[in-house]
Amino acid sequence: MAPLTTHATRKPEIASPALQELSRYFRISSRSHHGLVFMTELAKEAAAGKPVSIRTIARRVRISEGYLEELVACLREAGIVRGSRGRGGGYTLAKPGDRISMGAIVRLLDGPVVFAHCQDPTAVGKCPAEEHCTRRHFFSRLKTAIDRELDATTLADFV
């Protein structure tokens with residue numbers, strides 16, 4: 001009988017350069033994740049029609065108030081949320097949750113979703129493998145599928 005191998009005793013696998021490149025791009029950042037959490041909480045509160053404070057949401061979801069303020073400034077500037085000051089003030093959605101897509105929020109907070117150097121508009125220089133890349137078509141299809149799903153999913157879908 002073979003000895004049992006625990007996760008801790010396994011040798012770490014060394015990822016191929018292609019997988020290392022994909023893992024560099026294939027993620028939702030904490031910025032987008034926290035922005036989506038905040039927006040989902042606002043969408044839940046939208047039914048009551050009352051503004052909600054950043055402090056209330058920060059405590060509820062255990063995210064730093066200062067960090068949420070930074071994200072909300074970006075969301076407000078883009079016209080996705082609306083703020084009101086004073087007693088009873090706070091934030092509300094600027095439009096109904098079924099008209100705000102996950103894709104709009106992610107792209108606003110993080111820029112376009114990219115899976116490879118050739119898709120990254122911020123990349124400096126041409127990809128060194130561009131002439132002989134066999135993965136380009138796959139990454140393009142993957143990006144299209146992810147973008148389609150992000151754009152098809154709205155805040156209302158989470159509420």
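**Helix packing, core and buried polar residues**

In the predicted model, the axes of helix 2 and helix 4 come within 10 Å and cross at roughly 80°. This crossing angle falls in the range of 65 to 115 degrees that counts as roughly perpendicular, and helix 2 and helix 4 are therefore described as roughly perpendicular to each other. On the side of helix 2, the contact is formed by Ser 30, Arg 31, His 34, Gly 35, Phe 38 and Met 39, which meet Tyr 67, Leu 68, Glu 70, Leu 71, Val 72, Cys 74 and Leu 75 of helix 4. Sorted by class, the residues of this contact comprise eight nonpolar, three polar and two charged.

The two helices belong to a protein chain with seven helices and two strands, arranged along the sequence in the pattern α-α-α-α-β-β-α-α-α. Of the 159 residues in the protein chain, 33% are buried. Among the contacts with a separation of 6 or more, 67% join residues 24 or more positions apart.

In soluble globular proteins, nonpolar side chains tend to be buried together. In the present model, the largest nonpolar core has 30 residues, and those with the most contacts inside it are Phe 38, Met 39, Leu 42, Leu 68, Val 81, Ile 105 and Leu 155. At least two residues of this core are supplied by each of helix 2 (30-46), helix 3 (54-61), helix 4 (65-77), strand 2, helix 5 (102-110) and helix 6 (136-152). Helix 2 provides the largest share, with five residues. Phe 38 and Met 39, listed among the core residues with the most contacts, also take part in the contact of helix 2 with helix 4, as does Leu 68 on the side of helix 4. Leu 42, another of the listed core residues, is in contact with Val 52, Ile 57, Val 81, Tyr 91, Thr 92 and Leu 93 when neighbours within four places in sequence are left aside.

Tyr 91, one of the contacts of Leu 42, is placed in strand 2 (residues 90-93). Its relative accessibility is 16%, and Tyr 91 therefore counts as buried. Beyond its neighbours within four places in sequence, Tyr 91 is in contact with Phe 38, Leu 42, Pro 51, Val 52, Ile 54, Val 72, Arg 76, Val 81, Arg 82 and Gly 83. With Pro 51, the C-alpha to C-alpha distance is 4.8 Å, although Tyr 91 and Pro 51 are 40 residues apart in sequence. The side chain of Tyr 91 additionally makes a polar contact with the side chain of Arg 76, at 3.4 Å.

A further helix pair is formed by helix 5 and helix 6, the axes of which come within 5 Å and cross at roughly 115°; this angle makes helix 5 roughly perpendicular to helix 6. Here Met 102, Gly 103, Ala 104, Val 106 and Arg 107 in helix 5 meet Asp 147, Leu 150 and Asp 151 in helix 6, and the residues of the contact divide into four nonpolar, one polar and three charged. Asp 147, which lies in helix 6, counts as buried because its relative accessibility is 14%. The side chains of Asp 147 and Arg 107 are joined by a polar contact of 3.2 Å. With neighbours within four places in sequence left aside, Asp 147 is in contact with Arg 107 and Val 113.

Two loop residues may be described in turn. Thr 153 is found in the loop between helix 6 and helix 7 (155-158) and, with a relative accessible area of 17%, is buried. The side chain of Thr 153 reaches the backbone oxygen of Glu 149 at 2.8 Å. When residues up to four places away in sequence are not counted, Thr 153 touches Ile 100, Ser 101, Met 102 and Phe 158; of these, Met 102 also takes part in the contact of helix 5 with helix 6. Arg 62, by contrast, is placed in the loop between helix 3 and helix 4 and counts as exposed, because its relative accessibility is 79%. Most residues other than glycine have a negative phi, whereas phi of Arg 62 is positive, near 55°.

Conventions. Residues numbered from 1 in each chain as written. Predicted model: local features only at pLDDT ≥ 70, side-chain atom pairs only at ≥ 80, totals over all residues. Heavy atoms only, no water. Helix = DSSP H or I, 4+ residues; strand = E, 2+ residues; numbered from the N terminus. Buried < 20%, exposed > 50% of the residue type's maximum accessible area, 1.4 Å probe, protein only. Contact = heavy atoms within 4.5 Å. Polar contact = N/O pair within 3.5 Å; in protein donor to acceptor, adjacent residues only side chain to side chain. Core = buried A, V, L, I, M, F, W, Y, C linked by side-chain atoms within 4.5 Å. Axes fitted to C-alpha atoms, helices over the stretch in contact; angles between N-to-C directions. Parallel < 35°, antiparallel > 145°, perpendicular 65-115°, else oblique. Nonpolar A, V, L, I, M, F, W, Y, C, P; charged D, E, K, R; others polar.
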